Amino acid sequence: MKRLVLAVALAWLTGAGSAVAQTPAPAPAAPPPAAAQPTPVAASAAKAITDEDLKSISGPKPEDKAKGDPAGTITGTVNDIPVSDSKKGLALDDLVNTVGQNVIAPNFIWTLITGFLVMFMQAGFAIVETGLARAKNANHTMMMNFMVYGVGMLGYWIIGFAIQMGGVAPNTNLGGLAPLNHEVAISLFGKNWGLFGTQGMFLGGATYDVGVMVMFLFQMVFMDTALTIVTGTAAERWRYSAFILSSLFMGAFIYPLFGNWAWGGGWLATLGASYGLGHGYCDFAGSGVVHSVGGVTALAMAIIIGPRIGKYSRTGKPNAIPGHDITLVLLGCFILAFGWFGFNPGSTLGAATSGNLRISSVAVNTMLAGMAGSFSGMYYMWIRYGKPDASMTGNAFLAGLVAITAPSGFVNPMASVIIGLIAGVLVCLSCEVIERKAKLDDVVGAISVHGTNGIWGVISVGLFADGRSNYAGAWNGVPGSVTGLFYGDAGQLVAQLIGVATLIGFVFTFSFVFNAILEAVWGHRVTPEVELQGLDIPEMGALGYPEFVLREEAATV
Amino acid sequence: MAFVGIVVTLAGFLVAAGSVGFAAANGVRLVIVLLGIALSLGGIFGILNPAYQKDAVWKH
């Protein structure tokens, strides 16, 4: 079998004109078909190859290599294939193992580099949130965004990763992830409902594995993105110590639990295989898992912590509290958009085989939705208020990106633009409802950007998924492509809505109960005196801008 | 009232998640799930948030 695979691979390489293929190859048994049909060529040329055949393959001579290789034609040849037994020379085992490594290696590189891009989104969040806060809270807001990275990572390393991904195996893109092999499940309505994984605490034992490390890094930076959403909503009045405790718990338990249900082989992911609901809950890159989890937790925090002093008059009329630096805000939006090219395309967890070349489509969908969101949001504000508000245009840009995150791997470019256009208006409407009707003070608009539009993104998968994606022929264990209501599968929409109900009904409740307990035993909010003075000196011991002259604020408006 | 709000919110989730066991037809499941979502939203914005707003800082 191995020899047959190798023969097919070599025949394909012959067609591709690689250095290996330039050596004598077995004659094809039949005339080659058209170039547009490479598979029959490979099949017709299939012939068992032996170690002896490989000995006839020669690479470039040392003297030729010494002259340099400006055309790149003699670099990367048979000479570069490592041999396990130098006396025996190149053997079939060496060749097959090298092919295997060369399938996994680009997946590792792709996933790691896109993970690095997602990590850089922390910088974007930090300056967006700090720019939208007042100067007197700049140090405090920046420090929350800085330390949420480490605090979240600590909780996730201790137990969060194990809960989320401890039962995710197998994953073919990253070499199998065999050590992540235990999911705790209960039997309900005649089916298994996966609840949480158990393998990978402290990344110890068998999870000291190269593939697991890639998965940990990528999932960790996603988790941190969710955590930093909450700091934006609760900025300018959140006790720093309470923020540490709240974020640690969120990174260790709240985020990983929903992450398991959606991405770790939990019950939401298996709604398709178990109950025939499309392909189960589908969230390509995390509109729900990352953004909505952050958004509904931010909503819980906004209710518990209450609005800033001066945000509402005694009659309940909201007052605008402008941020101190709009240039930071819009620069942060661009940094976030840059990082989103890691967030969405990276969520294939690979660049080679298994339909992963769709990364180009995912990237284009991402940029289109962001553009569409910024346009519709800007024009909404322009028409409604007479000016193209900069901060809301930035938020609309992010809303488009948030909304396309779940469907980016399943929809076409036209649908991406529609999803983004709706998101841009939706974020403006949601901000108005949150501020005026619910009377909740969300400093950066995170509930609307990430919560509302995260949910819209989850729903849009169930509407717009066009059935054209093909990730190794199946998704969530259900053969075929993810297909939404507009393309014929109503069951997919039901699965998506169950995910929405879980976010609003369960994740919100979990977050609320924990943070309400923390409020009772520790206290989330600083004193009114500290809030009026600004949190920089009382909480952090230093001003963000020591040379600024800060304005005195009245206790009431 | 805050406790009632959180219970209603959680109940919405249980109704929606239970839809797969209560019904086999996707149309029926869809209706049940939408009811569950409405219940949860009602719990948050109709009960829980007003309970917290009673003592809001801006009313003092």
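Reader: Is Trp193(A) buried or exposed?

Author: Start with the cut-offs. Buried means under 20% relative accessible area, exposed over 50%, and partly exposed in between, with a 1.4 Å probe and protein chains only. Trp193(A) has 5% relative accessibility, so Trp193(A) counts as buried. A word on the source: this is a predicted model, where local features need pLDDT of at least 70, side-chain atom pairs count only at pLDDT 80 or more, and totals for chains, interfaces and linings use all residues. Residues are numbered from 1 along each chain as its sequence is written, chains are lettered from A and ligands numbered from 1 in the order written, and side-chain values use heavy atoms, leaving out hydrogens and water.

Reader: What pLDDT does chain A average?

Author: pLDDT is the predictor's confidence in each residue, from 0 to 100. Chain A averages 90, and 91% of the residues score at least 70. Residues 1–41 of chain A are another matter: pLDDT stays under 50 there. Where pLDDT is low, the predicted coordinates should not be read in detail.

Reader: How many aromatic pairs are there over all chains?

Author: Rings of Phe, Tyr and Trp (its six-membered ring) pair if their centres lie within 6.5 Å. Planes under 30 degrees apart count as stacked, over 60 as edge-to-face, and the rest as tilted. The whole structure holds 36 such pairs. Take Trp193(A) and Trp267(A): their ring centres are 4.8 Å apart and their planes at 20°, so the pair is stacked.

Reader: Which parts of chain A does this pair tie together?

Author: Helices (H or I, at least four residues) and strands (E, at least two) are DSSP runs, numbered from the N terminus. Trp193(A) lies in strand β2 (residues 191–197), and Trp267(A) in the loop between α8 (240–263) and α9 (271–275), so the pair ties together parts 74 residues apart in sequence. Trp267(A) is at 4% relative accessibility, so Trp267(A) also counts as buried.

Reader: Where do Phe508(A) and Phe512(A) lie?

Author: Both lie in helix α16 (residues 490–521) of chain A, four residues apart, about one turn of the helix. Phe508(A) is buried at 0% relative accessibility, and Phe512(A) is buried at 4%.

Reader: Which residues touch the most other members of the largest nonpolar core?

Author: A nonpolar core is a set of buried Ala, Val, Leu, Ile, Met, Phe, Trp, Tyr and Cys residues joined through side-chain atoms within 4.5 Å. In soluble globular proteins, nonpolar side chains tend to be buried together. Here the largest core has 138 residues, and Tyr255(A), Phe258(A) and Phe508(A) touch the most other members. The largest share of this core, 15 residues, comes from α16(A).

Reader: What does Phe508(A) touch, not counting residues up to four places away in sequence?

Author: Contact means heavy atoms within 4.5 Å. On that rule, Phe508(A) touches residues including Val296(A), Leu299(A), Ile6(B) and Leu48(B).

Reader: How many helices and strands has chain B?

Author: Chain B has two helices and zero strands. Its C-alpha trace spans about 50 × 15 × 10 Å along the principal axes. Of its 60 residues, 42% count as buried.
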